[in-house]
Amino acid sequence: MHVKTFKGIDAQAALAKVKAELGDEAIILNTKTVRNAAGKCCEITAAIDPRSAVPTPRQQADGREATGFPLPDETPADWACEWRQIKDQLMALVKPQLNMDELSPRQRVAIKYLEREEVDTQVLLRVFLDLKADPERPILPVLEGVAPCYGFESKKWQQKFHVFAGPHGVGKTLSLIRLALREKHARPKSRICVVAADQGQGKGRLVLRHYADLAGLAFREAGSLEEMQEFLKESETFDMAFIDLPGLCGQTTLAERLDAIGLANGFDVAAHLVLAPYFAPSQYAQIASRYACPQLKSLIWTKLDEACSFGALLNMARLTELPVSALSFGPGLKNSIVPAQSDMLWRLIFKHTLPGNHAEQAA
Ligand SMILES: Nc1nc2c(ncn2[C@@H]2O[C@H](COP(=O)(O)OP(=O)(O)OP(=O)(O)O)[C@@H](O)[C@H]2O)c(=O)[nH]1
Ligand SMILES: [Mg+2]
């Protein structure tokens with residue numbers, strides 16, 4: 001474990017230095033205000049484990065480790081587990097230093113609420129330090145920094161190829177169909193193709209074909225490198241392609257899978273990680289690391305109607321540093337997915353109001 005102390009004119013400045021040098025995985029061990037000849041300054045002591053840090057897309061994109069500590073090729077599972085325990089213990093030590101008295105009553109209530117929603121301590125600490133700097137500061141702009149939204153629609157998402165990836169059964173195929181249908185509805189003239197990239201294994205491709213036929217979308221099967229190359233040759237004739245990737249097997253990573261079907265380099269690809277909000281924290285950490293790659297651009301949350309807390313949305317946004325692009329809240333085809341907007345996310349987290357209900361209330 002590497003431990004280092006950072007100084008700044010205030011907590012925000014010192015924290016920015018921690019992030020720049022050690023990354024988001026850094027654990028804050030201590031914060032204190034010190035006086036020196038120049039006046040007051042904030043001192044933060046932080047630690048990082050060089051082996052268990054989850055690589056961020058930024059780190060992978062330029063091939064360098066932003067912490068400056070080299071990562072070995074493999075992280076032994078027992079060490080990862082041990083580090084998690086150490087981290088939990090360190091967090092338990094740090095937590096009492098989240099001195100709630102330093103916040104205004106409104107800020108305090110919001111932080112306590114997030115804690116009950118199972119928002120992890122790293123997120124809470126970041127929010128706490130931001131709020132502490134200004135007792136008048138409302139919490140939502142701070143949270144928007146942690147989990148920004150960038151709603152899925154072609155006006156904003158101008159990539160041609162959209163890959164829907166994620167664990168088995170989370171709702172990848174259904175999300176893809178609904179977003180493709182929304183796009184077709186909004187721009188009837190756009191030439192949209194849906195592509196089953198599941199090598200003929202999943203029943204999802206039958207569903208895809210069925211809805212593609214009904215909605216007048218083109219449909220292709222391209223699960224292998226050869227089939228994908230064939231598809232890419234004719235892709236000039238389409239404005240957008242929605243590619244349905246099956247859940248990854250074993251320890252395969254998304255980068256390896258995209259490489260295997262020839263989508264890793266040189267194409268206009270945005271991959272979207274589809275997730276449901278009821279995995280265990282350790283599973284999210286593993287998913288974040290397996291799916292991290294330069295093409296991964298957003299998170300799509302599904303099965304919100306089945307969840308009882310939504311802290312995972314903030315936790316995963318911090319882990320992946322990705323915006324949320326769509327929210328799905330029902331098993332049906334109609335009125336059950338929307339491009340994500342910040343107000344929907346906060347209503348979901350703070351009021352447990354599903355986006356659909358919000359739309360109805362507003363109507
Ligand atoms: N309640 C609820 N069910 C959903 C939601 N999204 C998808 N589902 C259901 O989840 C099940 C799996 O959906 P799929 O789209 O087939 O999931 P998938 O990730 O493509 O599954 P695989 O291809 O088998 O890995 C279906 O029964 C969907 O109706 C949602 O937002 N809410
Ligand atoms: Mg599927």
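A polar side-chain atom of Asp305 lies 2.7 Å from a nitrogen atom of ligand 1. Taken alone, ligand 1 exposes 650 Å², and the protein buries 72% of that. Accessible areas come from the Shrake-Rupley method with a 1.4 Å probe, and for residues only the protein chains shown count as cover.

This is a predicted model: local features need pLDDT of at least 70, side-chain atom pairs count only at pLDDT 80 or more, and totals for chains, interfaces and linings use all residues. Residues are numbered from 1 along each chain as its sequence is written, chains are lettered from A and ligands numbered from 1 in the order in which they are written, and side-chain values use heavy atoms, leaving out hydrogens and water.

| Residue atom | Ligand 1 atom | Distance |
|---|---|---|
| Gly171, backbone N or O | oxygen | 2.9 Å |
| Thr173, polar side-chain atom | oxygen | 2.8 Å |
| Asp305, polar side-chain atom | nitrogen | 2.7 Å |

In total, 16 residues surround ligand 1, each with a heavy atom within 4 Å of the molecule. Lys172, Thr173, Leu174, Asp305 and Ser328 are the closest. Helix α7 gives the most to this shell, with four residues. Helices (H or I, at least four residues) and strands (E, at least two) are DSSP runs, numbered from the N terminus.

Helix α8 spans residues 204-215, twelve in number. From first C-alpha to last, α8 reaches 16 Å, close to the 16 Å expected at 1.5 Å a residue. That expected span is 1.5 Å times one less than the number of residues.

Gly204, Leu208 and Ala212 are the buried residues of α8. They lie on the same side of α8, because they cover an arc of only 65° around the axis. The arc is that of the directions from the helix axis to the C-beta atoms. Buried means under 20% relative accessible area, exposed over 50%, with partly exposed in between (1.4 Å probe, protein chains only). The face turned away carries the exposed residues Leu206, Asp213 and Leu214.

Gly216 follows α8, with a positive phi near 75°. Leu217 lies in the loop between α8 and β6. Leu217 is buried, at 9% relative accessible area. Leaving aside neighbours within four places in sequence, Leu217 is in contact (heavy atoms within 4.5 Å) with Ala180, Leu181, Lys184, Ile192, Val194 and Ala212. Leu217 and Lys184 are 33 residues apart in sequence, yet 8.1 Å apart in space, C-alpha to C-alpha.

Methods: A polar contact is a pair of N or O atoms within 3.5 Å; within protein, one must be able to donate a hydrogen and the other to accept it, and residues adjacent in sequence count only if both atoms are side-chain atoms.
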